[in-house]
Amino acid sequence: MKDNLKRIFKGGLGQLTIPLIAIALLVIFNLIRDPSFFSIELTLNNNGNTVLSGNLISIINGASELAVLAMGMTLVTAACGGQDISVGAAAAIAGSAFVKILKSGPSINIGTVIMAFLFACVVAMLFGSFNGTLVSVFKIQPMIATLILYTCGRSIAYWINGGATPTVSSPIITAIGGFIPGVPIPTPVLIVIGVALVFVLVFHFTSLGLFTQSVGINGSAARLNGINSTFIKLLSFIILGLCVAVAGTIGVSRLGLINHETLLLDIEMDAILAVAIGGNNLGGGKFKISGSIIGAYVIQMLTITLYAMKVPSTDVKAYKAIVIIILVVIGSPVIKSKFQKFMNKIKSNRQRVSVKGAE
Amino acid sequence: MTKKKFGSLLLVASLVTTLLFSACTTGGAGNAGGSSSKGTIKVGVVNNPPSESGYREANVKDMEAVFSAANGYELKTAYSLKNDEQLQAAQGFITEGVDYLLISAAETTGWDEVLKKAKEAGIKVFLFDRMIDVDESLYEAAVVSDMSKEGETAVNWLLAQNLDEYNVIHIQGAMGSDAQIGRTGALDAQFASGKMNKVVQQTATWDEAEAKKIVESVINSGDDFNVIYAENDGMAKGAVAALDEAGISHGINGKVVVMGFDCNKWALRELKAGNWNYDGQCSPFQAQIISDIIQGKKTVTSKKIINEEKGFDAKTLTDDDINTYGLGE
């Protein structure tokens, strides 16, 4: 423990410095603006459940889909050195597949919901492997390869259900998107914890993390060392597909409605941003999933802060952009190395002073 | 070796299936009708694809129902979101020799030449849903919605409720869209006059989940409100989800008045159940008006015909209304 602390003081938090500073700044800013901003209350909701509510809960709950997608996006970024811009459209497809199964049966029970979710997973993994094949086998730039699904994905989502906004209502769906009776924590938050746990276990018990990193740093070197880089790249897209299915399912369950045009709209950009804020190199290689998760919460906290400040509709995006520019510039290699040089200078000055003092 | 081959085969197979999937949805333009018989009126419809929205889906179905063979029509349709593809389709209909050309254009510009050709060929043109920037002489009539009137109808209904005070959460559609500008206008006038109090005015860009976040943030801030004015049904549903999670009552006998637009069937059912209070219509049913003009049952007095639109009160809504005016399923 003591060693750990010492290491942190000496070398900083490494990759996590920027996202943690960002979150700290947002917290301080909000506390100054409104000391009760983060207060949490227990309220009785209209379904008769006692649930937690407050801005903090809104932030953690609202960022769920983004956090799940950011985890998968980190893996694709690390392995392929590029990003999947079709995750929003793919989530609309997965969500539509989920609704399709739910609506095909006479009633919705636990069994049909599980079936529907598994079907959504298969569909999303299929589309993930489509993207992955283009990137890994045909060596197409990820952004170009996924542009195809980005363009046509929402039409496919429409085609699955026919109607523009099919609705599903069931206590089970409400429980997935809202609260399980007797549990005061929003279910999407629990799902994020579950997905993160799966990632931790996979990285602990397999060499996926190491393989992904080496493929991302130098694909041919990795291949010479016996790693099938094509497969690793494809696998990263399939795993992202699973994340997409989870995000789509949460998105649909929140309101019991699928609008293929607006479900998780523009989330691909936020997911990429979360990866970037998390200090990951967008060119592939070394990565830290925890950074991306924090990045997702930074973005959501920013949005909720702007809502709480009642920034006018037309200005929200501009304010968001300003904060993000600052974050990304501070995290850039140029500023980092300048900062490092500056710190070294101070250190050497101090040493010189102490040496002089000794004389 | 064989294992490797099998692997790559699998990859190609998955690629091909997904490609096929996407190909299915991009097709579908230009469904020519059956063989023409004498006495039928040939109508060519250039429209946006039904996948655009619930509105468009109902619009396309309405066109097909009114201009049916049973009613003495031969219908040809072309759907695209792109103006140039729409122009080509219109050109195609003119060459084929339709009697009437009905257009809901993707963009307001670029239609001069095609409409002039239609006029030369003696084809009569009707615009529906959307106006085009051309000389009035190039078309017979334009049947359109008046979005600002939709807003006025809704706000007048709200004023008639005689609430003690109006503390309004206003959730807007995509900024700059016709529906947003129209539906915002009337409410903005009330805010300006001081009759209603603006608690918050935010855009959710038609996104249900975003609407929920906006209402959540107001609840968390502790500000008092008693009206939610959402510019479409989906966003109203998102807002209500936030109220439900916070344990705030809504609808008839509730604390918060909930208002939506578009009249989706599921939304009207929420009204019927008393969970919402008001839903404003945005009518996609222009076909009957155009058909009446074609058959001489209705005379054109002004080139711009405003489609009559209703607003539904949860207290007076009937099941018939849901079946007649509800969109979707």
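In the predicted model, A:Lys310 is placed in the loop that joins α14 (289–308) to α15 (316–330) of chain A. Although A:Lys310 is not a glycine, its phi is positive, at about 55 degrees. Most residues other than glycine have a negative phi. A:Lys310 has 15 C-beta neighbours inside 10 Å and therefore counts as partly exposed. A positive phi is also found at A:Leu264, which is not a glycine either and has a value of about 50 degrees. This residue, A:Leu264, belongs to the loop between α12 and α13 (267–277) of chain A, and because 27 C-beta neighbours lie inside 10 Å, A:Leu264 counts as buried.

Chain A as a whole contains 16 helices and two strands. Its radius of gyration is 22 Å, close to the 21 Å that the globule rule gives for 359 residues, so chain A is as compact as a globular protein of that length. Along the principal axes, the C-alpha trace of chain A spans about 90 × 55 × 40 Å. Of the 359 residues in chain A, 48% are buried, and among the contacts in this chain with a separation of 6 or more, 75% are made by residues 24 or more positions apart.

In soluble globular proteins, nonpolar side chains tend to be buried together. The largest nonpolar core in the model has 143 residues, and those with the most contacts inside it include A:Leu69, A:Ile93, A:Val244 and B:Ala239. Helix α12 (residues 229–255) of chain A gives the most to this core, contributing 15 residues. When residues up to four places away in sequence are not counted, B:Ala239 touches B:Ile171, B:Ala211, B:Lys212, B:Val215, B:Ile228 and B:Ala230.

Between the two chains, 42 residues of chain B are in contact with 40 residues of chain A. On the side of chain B that touches chain A, at least two residues each are supplied by α1 (2–26), α2 (54–66), β7 (197–203), α7 (208–221) and α8 (233–246) of chain B, with the largest share, nine residues, coming from α1(B). Sorted by class, this side of chain B has 12 nonpolar, 21 polar and nine charged residues.

How values were computed:
Residues numbered from 1 in each chain as written. Chains lettered and ligands numbered in written order. Predicted model: local features only at pLDDT ≥ 70, side-chain atom pairs only at ≥ 80, totals over all residues. Contact = placed C-beta atoms within 7 Å. Helix = DSSP H or I, 4+ residues; strand = E, 2+ residues; numbered from the N terminus. Nonpolar A, V, L, I, M, F, W, Y, C, P; charged D, E, K, R; others polar. Rg over C-alpha atoms; globule rule 2.2 N^0.38 Å. Buried ≥ 20, exposed ≤ 12 C-beta atoms within 10 Å, placed from the backbone. Core = buried A, V, L, I, M, F, W, Y, C linked by C-beta atoms within 7 Å.
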